[in-house]
Amino acid sequence: MKVLKVDAIRNGTVIDHIPAGRVQRVMAILKPRSTDVVMMGMNFPSKAMKKKDIIKIEGRELTQNEVNSIALIAPHAKVSIIRDFQVAQKSTVQIPERIEGLVVCPNPKCITNAEPMMTIFNLEDSSSRELACQYCERVFTADEMAHV
Amino acid sequence: MKNLISMRDLSVDKILQLLKLAASLEKDPSQINLSRRVMAAMFYEASTRTRMSFESAMKRLGGEVIAMVGTSGTSVEKGETLADTAKIMARYSDIIVMRHPMEGAARYVSEQVDIPVVNAGDGANQHPTQSLLDLYTILKSQGSLEGLKLALVGDLKYGRTVHSLAYALAPFKPEFHFVSPKSLAMPNHILSDLRKMDIQFKETTKLDKIVNSIDIMYVTRIQRERFPDREEYEKVKNAYIISAELLKNAKDNMKVMHPLPRVNEINTDVDSTKYAYYFDQAENGVYMRQAILATLLGEAK
């Protein structure tokens with residue numbers, strides 16, 4: 001019998017397959033409301049990833065836009081919408097065309113790292129997962145950006 | 001065209017329009033009148049040529065210039081943000097020309113103010129007015145931009161001007177020879193972009209083999225500050241010194257260009273040959289910047 005380490009939720013969202021150690025960064029992007037009941041799991045054993053993090057949010061269904069905003073931090077995350085303890089919908093995350101204010105530019109000489117301003121990245125190539133900074137114009141892979 | 005921030009924003013048509021206007025302004029500057037217009041030069045780091053070239057361009061069209069040169073003694077030292085400084089400048093002037101050490105600074109300022117912004121260099125990123133004046137210089141000296149053979153010589157790894165020039169010329173089907181020491185070769189991501197665009201190029205360390213077959217030799221300075229290791233710099237600093245002797249069998253139409261300042265990479269004995277074109281190039285900068293200012297201020301017919 002499978003033993004649940006965290007409670008199953010009745011209604012809400014489960015984000016699985018977050019790279020181990022990144023759960024707090026994912027939470028920072030999703031910005032839970034003070035009324036959201038959230039469970040964060042860290043370092044769960046995983047066949048594919050060896051270790052993974054998990055988030056369960058009770059009572060809130062994340063939109064595809066909200067989900068996509070974590071694509072750089074957790075590119076292989078699996079998102080399930082739960083209704084009455086059943087998986088009602090399953091999706092993966094996709095890097096959006098434009099990412100505003102979520103990630104830091106890895107280029108230390110970029111103006112976004114010097115001024116109180118928002119970063120903006122535009123998707124250059126979805127197959128190679130490359131994004132260009134709107135300001136310094138440098139192109140980075142999603143993995144390069146996730147480590148900053 | 002509201003701003004001039006990056007060569008990436010310019011279509012080939014727009015580039016051709018600016019080239020045409022620069023040529024026309026060189027012949028007759030009186031066709032544009034920028035009197036009562038004020039250009040604010042916001043220079044967060046030193047630059048002699050670019051700033052004075054812009055000032056000359058503005059003044060020769062009848063306009064006025066106010067300038068902040070360096071940040072010492074300004075509100076920037078008191079901790080003012082770039083956005084605030086720019087917003088104030090926008091109240092004092094009709095167009096902002098700015099240089100800043102951080103990459104993307106001009107794009108950011110252009111989003112903060114309602115008046116046109118010209119990028120006069122943002123760190124290692126873009127310097128579009130240099131690229132445009134280089135195109136104008138090549139066009140003027142060769143009569144066409146199509147299908148030219150160019151040697152780009154010197155520091156091709158860190159040289160922003162040569163990177164930008166390679167992209168700017170790409171639509172005109174050039175043939176490039178990239179001449180540099182191995183440690184200063186053209187970066188791979190640029191070579192791969194050129195391959196994608198089907199641009200012909202060869203990489204070599206030997207300039208003498210190709211000097212007689214090219215139309216343009218674009219020479220750049222090997223900058224000491226780029227080398228963490230002094231010994232490495234000493235090894236390559238004199239790799240390419242252009243002399244009148246080297247050029248003696250060059251094609252009649254061949255011109256030597258250099259963004260200046262030069263240190264020792266072009267001997268002064270080249271200056272009096274028909275190949276020397278770097279001082280004309282600097283002068284062409286004024287005409288191109290006149291074309292840019294007139295266009296952005298809505299005065300170009």
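This is a predicted model: local features need pLDDT of at least 70, side-chain atom pairs count only at pLDDT 80 or more; totals for chains, interfaces and linings use all residues.
Residues are numbered from 1 along each chain as its sequence is written, and chains are lettered from A and ligands numbered from 1 in the order in which they are written.

**Exercise 1. State how chain B is divided into domains, and describe the contact between them.**

Step 1. Domain 1 of chain B covers 7–127 + 285–296, and domain 2 covers 129–282; such bounds come from an automatic or database domain assignment.

Step 2. Their C-alpha centres lie 26 Å apart.

Step 3. Contact joins 17 residues of domain 1 of chain B to 16 residues of domain 2 of chain B. Two residues are in contact if their C-beta atoms, placed from the backbone, lie within 7 Å.

Step 4. On the domain 1 side, α1 (12–27), β4 and α9 (278–296) of chain B each supply at least two residues. Helices (H or I, at least four residues) and strands (E, at least two) are DSSP runs, numbered from the N terminus.

Step 5. This side of domain 1 of chain B divides into 12 nonpolar, 3 polar and 2 charged residues. Ala, Val, Leu, Ile, Met, Phe, Trp, Tyr, Cys and Pro count as nonpolar, Asp, Glu, Lys and Arg as charged, and the others, Gly among them, as polar.

**Exercise 2. Give the strand order of the open sheet in chain B, and explain why β2(B) and β4(B) each have one side without a neighbour.**

Step 1. The 4 strands are ordered β2-β1-β3-β4 and pair in parallel; two strands pair if DSSP finds at least two bridges between them.

Step 2. β2 (64–69) and β4 (117–122) of chain B are at the edges with a single partner strand each, so one side of each has no neighbour in the sheet.

Step 3. Between β1(B) and β2(B) there are 6 bridges, and A40(B) has I66(B) as its bridge partner in β2(B).

Step 4. Helix α2 (residues 49–60) of chain B lies across β1, β2, β3 and β4 of chain B, at about 175 degrees to β1(B). Axes are lines fitted to C-alpha atoms, for helices over the stretch in contact, and angles run from 0 to 180 degrees between N-to-C directions.

**Exercise 3. Find which residues of α3(B) are buried, and what they pack against.**

Step 1. L82(B), T85(B), A86(B) and M89(B) are buried, where buried means that 20 or more other C-beta atoms lie within 10 Å of a residue's own, with C-beta atoms placed from the backbone.

Step 2. These residues are on the same side of α3(B) because they cover an arc of only 95 degrees around the axis. The arc is that of the directions from the helix axis to the C-beta atoms.

Step 3. The buried residues of α3(B) pack against β1 (38–43), β3 (95–100) and α4 of chain B.

**Exercise 4. Trace the two hairpins that involve β8(A).**

Step 1. Strand β7 (residues 120–125) of chain A pairs antiparallel with β8(A) over 4 bridges. Their hairpin has 4 residues between the strands, and R129(A) in the turn has a positive phi of about 55 degrees.

Step 2. β8(A) also pairs antiparallel with β9 (residues 139–141) of chain A, over 3 bridges. Here 5 residues lie between the strands, and E137(A) in the turn has a positive phi of about 70 degrees.

Terms used
A residue is buried if 20 or more other C-beta atoms lie within 10 Å of its own, exposed if 12 or fewer, and partly exposed in between; C-beta atoms are placed from the backbone.
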